[in-house]
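Colleague: I have a model open and would like to go through its side-chain packing with you. Could you bring it up on your side as well?

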Amino acid sequence: MALPVSTQARYWGIAAAVFLVLMWFLGDVILPFVLGGAIAYLLDPIADRFERMGCSRAVSVMLITLVAVMIFVILALLVIPTLVNQTITLFETVPRVFSELQMFLTNQFPSLVDDDSTLRQSLTALGQTIQERGAQIVESILTSAASLINVVVLLVIVPVVAVYLLYDWDRMVAEIDALLPRDHAPVIRRLAREIDRTMASFIRGMGTVCLVLGTYYAVALMAVGLQFGLVVGAIAGLITFIPYVGALVGGVLAIGLALFQFWGDWVSIGLVVGIFVLGQVIEGNILTPKLVGNSVGLHPVWLIFALSVFGALFGFVGMLVAVPVAAALGVLARFGLQHYKDSSLYRGQAEDDFR
């Protein structure tokens, strides 16, 4: 005999509450495992493709691991040191940038930036704050023992967790499927496929878009001679998954730095502007339609809301799980809406009598 709907809802509500409580209390502890699971989820299609080509699961995982190690070594030797140095230098250069901004405003709008003006005082205070706080934060992250331990733990645990989960991914999915309530297994499988399709389209597709755009911006900005081009490109690519924010932040940062560095050299400034315009054209017309698609089902406002709420409640771990949870809630909402439209509550008694 099937359980009443109210009893089932109570059980699922308890499960959701336990999940949220665990995230609240164990956020930092489960971070390596969440990252490892995300990496395994992203790489599972590649492992499946190797298996279809005739490789065993163990060989597939080994090949993926070797390629990942090679990429990490290259990044650690060539990219990461330069990125860290540019980030520290950028924070140290901010006061000079604001000083040049004051000089420009003094020449163009002398009445706005006299010694007693609010604008001049605000610019001075902001530049000093960014220099003091920014450099202090970066240096403390790089030098504190606790941070180094956390980084080492992430570098050790995350790959191990990812390899084990990737190796056992299909078996774990089969085990979870065997635990589904039999009465609702077909519906749950259908919803799970829709959630997976949404997550795969967005996470895998948008992850590729972020990587491509970040590489493009970094290489192109460094090619035109922009200082801190690698940092700007990395920032713009990293936050591209947040709709409109990546292009806005990266564009403002790059164009602002270009104005101070190349003031008077309008060709170089135009090249920086053109790099971001071309990047947005490529993203909107080629990358996003091809890699993400138009039927993901994650509205930009809903995605930003989920990232904001989960980030505020659960920190970095919350931001990691925000997209999967948003995708799942979106699918469940569409499922519930369809059932509502098929019910008498929506159609009304008159239509039922007519039919």
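Colleague: Is Trp169 buried or exposed?

Modeller: Trp169 is buried, since its relative accessible area is 18% and the cut-off for burial is under 20%. Please keep in mind that this is a predicted model.

Colleague: Which aromatic residue does Trp169 pair with?

Modeller: Its partner is Tyr41, in a tilted arrangement with 6.1 Å centre to centre and 50° between the planes. The two residues are 128 apart in the chain, with Tyr41 in helix H2 (residues 27–52) and Trp169 in helix H6 (residues 169–178). Tyr41 is also buried, at a relative accessible area of 11%.

Colleague: And why is the pair Tyr217 and Phe276 classed as it is?

Modeller: That pair counts as stacked because the ring planes are at 15°, with the centres 4.4 Å apart. Here Tyr217 in helix H7 is linked to Phe276 in helix H10, 59 residues away. Tyr217 is buried at 1% relative accessible area, and Phe276 is buried at 5%.

Colleague: Which residues make up the aromatic cluster there?

Modeller: The cluster consists of Tyr216, Tyr217 and Phe276. The count of aromatic pairs comes to three.

Colleague: Let us turn to the nonpolar core. Which members of the largest one touch the most others?

Modeller: They are Leu221, Leu226, Ala254, Phe276 and Phe310, out of 35 residues in that core. Two or more residues come from each of helix H7 (185–223), helix H8 (229–238), helix H9 (245–261), helix H10 (266–292) and helix H11 (300–342). H11 gives the largest share, 11 residues.

Colleague: What does Leu226 touch?

Modeller: Setting aside residues up to four places away in sequence, Leu226 touches Leu221, Ala254, Leu257, Ala258, Gln261 and Phe262. Another core lies apart from the largest one; this other core has 14 residues, including Ala47, Val61, Leu191 and Met199.

Colleague: Back to H8 for a moment. How many of its residues are buried?

Modeller: Seven of its 10 residues are buried, so H8 is largely enclosed by the rest of the structure. The buried ones are Gly229, Leu230, Val231, Val232, Gly233, Ala236 and Gly237.

Colleague: Could you step back to the overall fold? How many helices and strands are there?

Modeller: The chain has 12 helices and zero strands. Of its 355 residues, 30% are buried.

Colleague: Which share of the contacts joins residues at least 24 apart?

Modeller: That share is 69%, taken among contacts between residues at least 6 apart in sequence.

Colleague: A last topic, confidence. What is the mean pLDDT of the chain?

Modeller: The mean is 76, and 73% of the residues reach 70 or more.

Colleague: Where is the pLDDT below 50?

Modeller: Residues 144–148 form such a stretch. Beyond near neighbours in sequence, those residues have four contacts in the model.

Conventions: Residues are numbered from 1 along each chain as its sequence is written. This is a predicted model: local features need pLDDT of at least 70, side-chain atom pairs count only at pLDDT 80 or more; totals for chains, interfaces and linings use all residues. Side-chain values use heavy atoms; hydrogens and water are left out. A nonpolar core is a set of buried Ala, Val, Leu, Ile, Met, Phe, Trp, Tyr and Cys residues joined through side-chain atoms within 4.5 Å. Buried means under 20% relative accessible area, exposed over 50%, partly exposed in between (1.4 Å probe, protein chains only). Helices (H or I, at least four residues) and strands (E, at least two) are DSSP runs, numbered from the N terminus. Contact means heavy atoms within 4.5 Å. Rings of Phe, Tyr and Trp (its six-membered ring) pair if their centres lie within 6.5 Å; planes under 30 degrees apart count as stacked, over 60 as edge-to-face and the rest as tilted. pLDDT is the predictor's confidence in each residue, from 0 to 100.
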